[in-house]
Each structure stands twice: as structure tokens, then as C-alpha cells.
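Hello,

Here is the structure I promised to pass on to you. Have a look at it first, and then read my notes below.

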Amino acid sequence: MRVCSLFSGGKDSTYALHWAFLKGFEVKCLVTLEPARGDSWMFHRPAVSLTRLQAQALGLPQVYRKTTGERDVELEDLRETLSEAVRRYQVEGVVTGVLLSDYQRMNINIVCEELGLRVYSPLWRKDQSRYLRELVDMGFEFIITAIDVYGLGPRFLGRVLTRRDVEEIVALASRYGFNPAFEGGEAETLVVCAPLFKKRLEVRGRVVRVGPCSWRYIIESARLVSVDA
Amino acid sequence: MSRLGLLVSMPEELLLKNCRYVVTMVKGVLSNKDVLVSDGRIEAIGERLSKSGTVVDCSNKIVVPGLVNSHTHAATVLLRGYYDAEHHKWLEKIWSVEAELEPKVVYLASKLAMYEMLSSGTTAFVDMYFYPEETARAAVEVGIRAVLGPVFLDRLVSPDEVIRSLDRLVREYGRSPLVTPIVNVHSIYACSQETLLTAKEYSEREGLGIHMHVSETRREVFECKRRHGVFPVEYLNKLGLLTDRTHLVNLGWITSWEIRLVKEGGASVAHCPASNMKLATAGFFPFKEMVRGGVTVGIGTDGPATNNSLDMFREMRTTVLLQRNNYWDAEVRAIDALRAATVNGGRIIGKKVGKVVEGYTADLVVLDALSLRLQPLRRDNVIPALVYSATGADVAMTIVDGRIVYRRDRVAKLRSEVEAISAELNAFMERVTG
């Protein structure tokens, strides 16, 4: 099965990509849409341009397109971008990191149904706390780049999360009632290294408060270094 | 051969003596108990019970509630192994054969399916097929509980014809202890809105259940979205078709907000794991979310043309395996599948069956506790043994309404009838497809 990976650079799409390789799929390319708006219904914006470096780290080609981020228009953009992936790489399916958003799952499926593409969402309805723990245990290194929820402080921003951090996040999620894997957009993540990365992404930045419960990790520089660095 | 096929005896009283295990579904698994059946009901469960009537030594047997197949098309045994493809392609081919169906063929195929069901522990089934009066006739003869009715399916049958058939069925079987009429609606994609509303109106007027396939494939849900602006379950809700009389089947492509609609409407659902996998429908039946949400979830084999088995033991096992594979955890357990196939099945068909407790109707299955597949058997591993290890071949006796309708030790008597039916069905298939 030749597939493309709908890739935002966060933990979920990166994990789904690994799943696809372990399933024996031939992952032909990454497909990334960069929304102009921060409140896109379908795609993650923070640090999405860094997916270019992640694609290099993975050694995979990328189909990259900017989208308005407006509801409905971005679906048309998704259709065109996936069509391009079909044209260039003859993919038959799409792998997504959708966790629990029916809006995302069903919209991706609407577009793919029209294009005759199968959709694989391996994380769909999985236990979120368990998934988060396993990610760290399996060697996925990721940082939080944006927080938009009460209860999750800025101290989690910009550094690779440890198993201890994860336990704390799971406890905070339970106390404050948010999704521990941030399925509802409570936070955004960026993967800096993963089992299939041939290079590590080294980022530097600073923390900025943008609202009462909102912080951003503004990435000021990013480069690929050896995985052992 | 008995006129009643498998029907072996109709005792007023039946004593299942010294059962090694009794799976009650209420009070756990009991050891070394007698189960006394009188006038079709479980009168007592205890020790050293004695009565006149038939006594069956169950010292090497397990007694469990009869299994309810919450969704099938029994007579499609006719089409078992006929065509193997993805859902929509498969359906087109099957409909081309079904357009040629004859009442006698449905009668014979239904009977064959019922023999298979009784011999594998199914005591009741919810059916959707053509010429339901033929299936009803066979059910009464064979002694199995059937919930059935004609199918609203615009392409093959006119709604007026379906209504006439329903009228006949209600007239003849409205008070039958074994046959319960139901309004069958094939699907949203096979019926116009007008037909759906006609079905709803009939169901309301006669107080009958509605049974339909919904959200089985990706194509179906997006066609519905394009045509009606909403997903299938939302559409049914809009039409007022989600009520406590509604029984929905498949639901591999249901959204989270639609699960809430199912719950709020009080509808029940049937999960058909083997058929969904075989037809490659690629959905994800959200078993945990349904159960947590308080929805009554049953299990169905779907028709023998897509399963290809009617064995509910196999289907229980497949349910747990598929759910664990989907969720990547072991939260769905053997007992959940057994509950879906018994207690919930009873709720779905609206009968006091699915538990082995005093006062319940005696729809019971007696399994061979010495079966090699189940060893070493203990009280604490009976339920996993039933769900993961047993098959229908371990059923020694099946009881419906207090009557013994199947005994494994007498099945040889059926051989010539089964061979004759198979020959007739094969001749029909050759005529139609050859």
C-alpha cells in the first residue's frame, strides 16, 4: 500500500507515520498544509514550517501548501494537495494522526472518498493517557509549542517532555478537565526526534504570554543536528 | 423424520439435573445446580429439585442463556460463498440474484439457517429478508424465535407491497409466541425519504420495531451528507426515526455526536464484526462508547452470505478480538460479548430471555462441558471458555420456550432433509446464475 502522511510535525501525525511504516506501508511522502489563520479547524499552525526540516530528518519528500485556514476553503485546499500527492507519488491512501475529532476524521474522509483514497487513522479512539505515556516510552521526543488551556503552565513549554512531565500532565488533565493528549487544541507539540528520524531537530526560542491561559514558545532558530547530539 | 424437523420434545416440565455449571448472567456462574422448567418458564434453580416430566442429566454440561442473533438475513444461506467482494460491489451482485427469489426457496433456505442456528446455540434472531411469511412458517415449524418482516427497499419492492405483506404478517403472527413482526428498512441509501416516513408511520401505528442498516460504509455516510446535508444517524433523528423501537445495525462510521442521538432516542444497536471485516467496510464500531453511553448493544452475524457463519459463539469471540484490535487495549472483555449476545439480545427482541433466573422464559443452551476445546474447565474460566474457546459444535441441546428443539445426539435424523434442501437450493442458484 502506497500512502502519504498528513503531517503537521506534532506528536500525533509523527506517531501515525511510524505506525504506517511498521504496518509495512510504503510511505511515499508527507503532505503538509500551513494555515494562514491560527484558528484553523483542520490543520495545526504553530511551527508548521519546521516540517520541512522534519521531512529532511525523515528523508521523505514533502508536498507543502499554504491554506487560508478558513472553514470549507481549507477542505478544497486539502483536496488539491492530496490530488498532487496522488499525481506525483501514485498514493492509494492517507495516514492521519486524528485522535478523537470527528470533524477532522469525517472531513478528511469526505475528501478522500471523492479522490478514491483509503484513510488510516491508527490513533482513533485510543486511550489518550496511555498513548501519551507510550509515546515517551517508545522514544518520541517532543516539545510543547503552544498552550491554550487553564491548568497547564508555561513551564512545560519548549523542552522535551519526560515521563515525569507526562504523569504530571495526565494528573492536571484529570484535575482541570482537559484532554491529556491535547486532542481539543489545548496545546500544540513539535517532534524534535523520533525513532525514524535520521537527524535531530534542535530548536531555540522564548516563551511569550498571549492571553490569560495562553502561551507560545516562539522558535527563533532551528537546525538539524546528529541524533546523538 | 419428524414433521417438526429438529423439534424433539415438548414436555410440560423439564428438569436439567445437576448442571455442572449454570451461567446465570445475574448471579455469576453456579455449580452443581438443577434448573427446573415448567410451562416454558424457569421455575426454580436449586439443588435436589424433582418433578415429573423429562429429566436430563447435566452433570457434564454447562447451561447458558440462549444466544440472540441481533441481526441476520437467515435465508441468505442460499448465497453462502457465492460472491466475495467489497461491500457495494458485493451488494449489487447479490441484489441481482435476489430479484429472482421465489417463496419456496426462501422457506427452504430459512429452514436450513434455522437448523444451523439451533445447532449452534442461537434461540432467537432478528431477520431482514424477502418473503418473511416463509421464514415465519419455517420458524414455527422448527421452533425458533424469530423477529422479522418484509423489507422496504425501493429498488426491489414497492412500498405498497411491503405494507400489504406487513399487514398479512401482523394478522397472522401478531400474537405468536415465537414470531414477532418488525418493520425492516434496508437503509437510507436504498429508500426514499417518503419510504422512510411510510415505514415510520406503520411502526408507530402498529407499535412495531424498526430494524435497519445504518452508517455501514464511508460511501454511504458521505452520500447521505451530500444528499441531505447531515450524516445518516442525524438524518434518521431529523425524520423522527430514532426511538426506543428502533434497532440500528453496523454503525462503523458513526460520529460521536450521533452516538449521543442514539442514546437520547433510546434506540438499540447491533454490532456485526465478522461481516464488517469481510466486506472491508473499514469503520470502527465504538463498542466502549456505546456501552458507556448506556446504549443497548447486541451482536449479529449478519447474513451467511457475508459471514459466512451463523455461529454466535464465533461471533462473540470476533467481537472481543476486533474491539481489542481497534482500541489497542483489553477493556472489552469476554463477559461484555456474552452480555451483548444474551441479556442485551433479550432487550432488543423485547422478550424475557437472556438470563437463567427464575421467572425468565426458558430459552437455554446446554453445552458439553467435556469438550476438548474447553479443558481444563473450572467455574472461574467458564465465561472465557465460552467466548474464546467454544464453538457452536459444543452445543449438546437447545431449548426454546421450554421445548427441546435440538439434540446433538439425534442430528443424524436430519441428514436426508438437509441434503434434499441443499440440492434444491443449488439447483435454484444454477438456474439463476448459471
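Helix 4 (residues 102-115) of chain A packs against helix 6 (residues 218-228) of chain B at an angle of about 105 degrees, and their axes are 10 Å apart. Helices here are DSSP runs of H or I with at least four residues, numbered from the N terminus. Axes are lines fitted to C-alpha atoms, for helices over the stretch in contact, and angles run from 0 to 180 degrees between N-to-C directions. That angle makes helix 4 of chain A roughly perpendicular to helix 6 of chain B (65 to 115 degrees counts as roughly perpendicular).

Helix 4 of chain A brings Asn109(A), Ile110(A) and Glu113(A) to the contact, and helix 6 of chain B brings Arg218(B), Arg219(B), Phe222(B) and Lys225(B). Residues are in contact if their C-beta atoms, placed from the backbone, lie within 7 Å.

A note on the source: this is a predicted model, where local features need pLDDT of at least 70, side-chain atom pairs count only at pLDDT 80 or more, and totals for chains, interfaces and linings use all residues. Residues are numbered from 1 along each chain as its sequence is written, while chains are lettered from A and ligands numbered from 1 in the order in which they are written.

Within chain A, an automatic or database assignment gives domain 1 (2-120) and domain 2 (128-226). Their centres, taken over C-alpha atoms, are 20 Å apart. Domain 1 of chain A puts 20 residues into their contact and domain 2 of chain A puts in 22 residues.

Best wishes

Methods:
Contact = placed C-beta atoms within 7 Å. Helix = DSSP H or I, 4+ residues; strand = E, 2+ residues; numbered from the N terminus. Parallel < 35°, antiparallel > 145°, perpendicular 65-115°, else oblique.
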